[in-house]
Amino acid sequence: MAKILIVDDDPDLVESIERLLKSKKHEVIAAYDGDAGLEKVRSEKPDAIILDVMMPGKDGYAVCKELKSDPDCSSIPVLLLTAVVSHIPTTAYSMRDGMEIEAEDYIDKPVEPDELVNRVEELLA
Amino acid sequence: MCILVVDDEKIIREGAECILVKEGWQTGTAENGREGLNLIATGSYQLLLLDLMMPGISGMEVLKNVRQSYPDVIVIVITGYATIENAVEAMKNGAYDFIAKPFTPDQLRIVVRRAFEKRDLMLETEALRRERRQRMQDFVNLVSHELRSPLNSIQQQLFNLLKGLAGEITSDQHMILERVQGRLSGLTGMIKNLLDVSRFETEPFLQNKEPVCLKEIVQEAVEICQDDAREKNITIMNKVSAKAAAVEADRQGLVSVFANLVSNAVKYNRAGGTVHVRSRSRGAHVEITVADNGIGIAPDHLERIFDRFFRIRTDETRHVIGSGLGLSLVKSIIKGHNGGIAVESVPGTGTDVTVRLPKSIQQLSLRAYSNCH
């Protein structure tokens, strides 16, 4: 069992991922924008972060960059949630962007439940 | 406004300059083509008055060079002897107008003034075109976020229902939800295609051209379609040679091309069918053929399959979810790569779609090559 923070501006999406992770007995906390997310990371010290890229205000890339440059948080693994604009082949691009900003992993929305659970387990391992 | 007069005859240069300066235009002069091109290269001239008959580089050469390298500069040619042939050839090569020697001050003023009007219109058109692109882009961004976000959210919740995370569901309910899910992913795919179509139409695209390895591109495309193929027990074989020549391409665009083609070959196929992708070298081109042994396309439908939103509706295709945008997207991407596409099909037997792309001029770059292995 681990403590996982979800940061996404869409409350329905947060709720559905929360439900999924709770079914795997994880403790889940949520934040609905970038700044609140950063605050939660610092106050709650989660074991992993699921971070939406496209958010109004401070987006996921900016949040991730800030986390990775903060020695207190840089070791917490980050899974980026991407919903890239273009057609199918965007995985390579989202990966490139994701890796550039040092996130541990990325996954395209909508997220297939088993896939998400696997990725989270890998992050925690 | 700044006008450059290029003529080897001093009297013409000075005469023209005198007339133009009186009208309040700024001028410069050059006595041969080489000097003229050097002055044009400084970027300070918007209009060029160009003598066709000069020693050294001919006026026609200067004209071609300017049209190619400085498309914003308007060229008016001065024909020494008033032969219509010279003027016609110059116009064919992109001159805006011509004036015959000897000319009166009035003739020169009129021609120049009209050329400047044309230039203003040209700039205005370009500005409008840019604005249109920007609006289209804004719309695309709006669609991408405002439409796709809720769709993603709906799909995410549906996953949970199907997974039984909100309590057990009956097999009937499961079936219905799966249908909903199918339609939703069809919708998501359609939005993606729509966005891509506008992307390739509005962006001065292909800015990300790089040498790519075709085998690898096709492999990426095949993997995207693998789930659908497995469901219908269809075998996809990537037989593209690892040694196939590299092409200069927008990587993302090209994967999109083959993902669409392979996806069609799977969707319009029967259970247990096969899809073969193979490559062939043809002079300066590489050909990639996506061949299936599926239901085929009737001859009278063939010419319309690249039309936007065109879909073939028969008993065999009714259950296939699609947007009718895939092939129109494929075509515009291929066109952007100076390539071609051809379709051969026998109803009931199968379809071959062949994409032809120019080989990269450079040798296969190390990067594309190492990605391949």
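Colleague: Is B:N233 buried or exposed?

Modeller: B:N233 is exposed, with a relative accessible area of 56%. Keep in mind that this is a predicted model. The residue sits in the loop between helix 7 (214-231) and strand 7 (235-239) of chain B.

Colleague: What should I read from the phi of B:N233?

Modeller: Start with the general idea. Most residues other than glycine have a negative phi. Now the case here. Phi of B:N233 is near 55°, a positive value, and the residue is not a glycine.

Colleague: Where does B:N338 lie, and what is its phi?

Modeller: B:N338 has a positive phi of about 55°, although it is not a glycine. Its place is the loop between helix 10 (326-336) and strand 11 (340-346) of chain B. With a relative accessible area of 60%, B:N338 is exposed.

Colleague: Now peptide bonds. Which one is cis in chain A?

Modeller: The general idea again: most peptide bonds are trans. In chain A, the bond from A:K109 to A:P110 is cis, with omega near -10°. A:P110 is in the loop between strand 5 (105-108) and helix 5 of chain A.

Colleague: And which peptide bond is cis in chain B?

Modeller: The bond from B:K101 to B:P102 is cis, with omega near -5°. B:P102 falls in the loop between strand 5 and helix 5 of chain B.

Colleague: With which residue does B:K101 form a salt bridge?

Modeller: Side chains of opposite charge can pair when their charged atoms come close. Here B:K101 pairs with B:D7, and the closest N and O atoms are 3.3 Å apart. The pair links distant parts of the chain, 94 residues apart. B:D7 is in the loop between strand 1 (2-6) and helix 1 (10-22) of chain B, while B:K101 is in the loop between strand 5 (97-100) and helix 5 (105-162).

Colleague: Are B:D7 and B:K101 buried or exposed?

Modeller: B:D7 is buried, at 0% relative accessibility. B:K101 is buried too, with a relative accessible area of 13%. Buried means under 20%, so both values fall in that class.

Colleague: Which residues are linked with B:D7 and B:K101 in a network?

Modeller: B:E9 and B:D51 join B:D7 and B:K101 in a network of salt bridges.

Colleague: How many salt bridges are there over all chains?

Modeller: The whole structure has 31. One of chain A's pairs is A:R42 with A:D70, with the closest N and O atoms 3.2 Å apart. This pair also links distant parts of its chain, 28 residues apart. A:R42 is in helix 2 (residues 34-44), and A:D70 is in the loop between helix 3 (60-68) and strand 4 (78-82). A:R42 is partly exposed at 37%, whereas A:D70 is buried at 15%.

Colleague: What does B:R113 touch, beyond its sequence neighbours?

Modeller: Leaving out residues up to four places away, B:R113 touches B:E23 and B:W25. B:R113 is in helix 5 of chain B. B:R113 and B:E23 are 90 residues apart in sequence and 9.8 Å apart in space, C-alpha to C-alpha.

Colleague: How do helix 1 and helix 5 of chain A pack?

Modeller: Two packed helices are described by the angle between their axes and the distance between the axes. Helix 1 (residues 11-23) and helix 5 (residues 113-124) of chain A pack at about 65°, with axes 11 Å apart. That makes them roughly perpendicular. A:I17, A:L20 and A:L21 of helix 1 make the contact with A:P113, A:L116, A:V117 and A:V120 of helix 5. The crossing is right-handed.

Colleague: Last one. What joins the side chains of B:T351 and B:S345?

Modeller: A polar contact of 2.9 Å. B:T351 is in strand 12 (residues 350-358) of chain B and is buried at 7% relative accessibility.

Technical notes: Residues are numbered from 1 along each chain as its sequence is written. Chains are lettered from A and ligands numbered from 1 in the order in which they are written. This is a predicted model: local features need pLDDT of at least 70, side-chain atom pairs count only at pLDDT 80 or more; totals for chains, interfaces and linings use all residues. Side-chain values use heavy atoms; hydrogens and water are left out. A salt bridge is a side-chain nitrogen of Lys or Arg within 4 Å of a carboxyl oxygen of Asp or Glu. Helices (H or I, at least four residues) and strands (E, at least two) are DSSP runs, numbered from the N terminus. Buried means under 20% relative accessible area, exposed over 50%, partly exposed in between (1.4 Å probe, protein chains only). A polar contact is a pair of N or O atoms within 3.5 Å; within protein, one must be able to donate a hydrogen and the other to accept it, and residues adjacent in sequence count only if both atoms are side-chain atoms. Axes are lines fitted to C-alpha atoms, for helices over the stretch in contact, and angles run from 0 to 180 degrees between N-to-C directions. Angles under 35 degrees count as roughly parallel, over 145 as roughly antiparallel, 65 to 115 as roughly perpendicular and the rest as oblique. A crossing is left-handed if the near helix is turned anticlockwise from the far one by less than a right angle, and right-handed if clockwise. Contact means heavy atoms within 4.5 Å.
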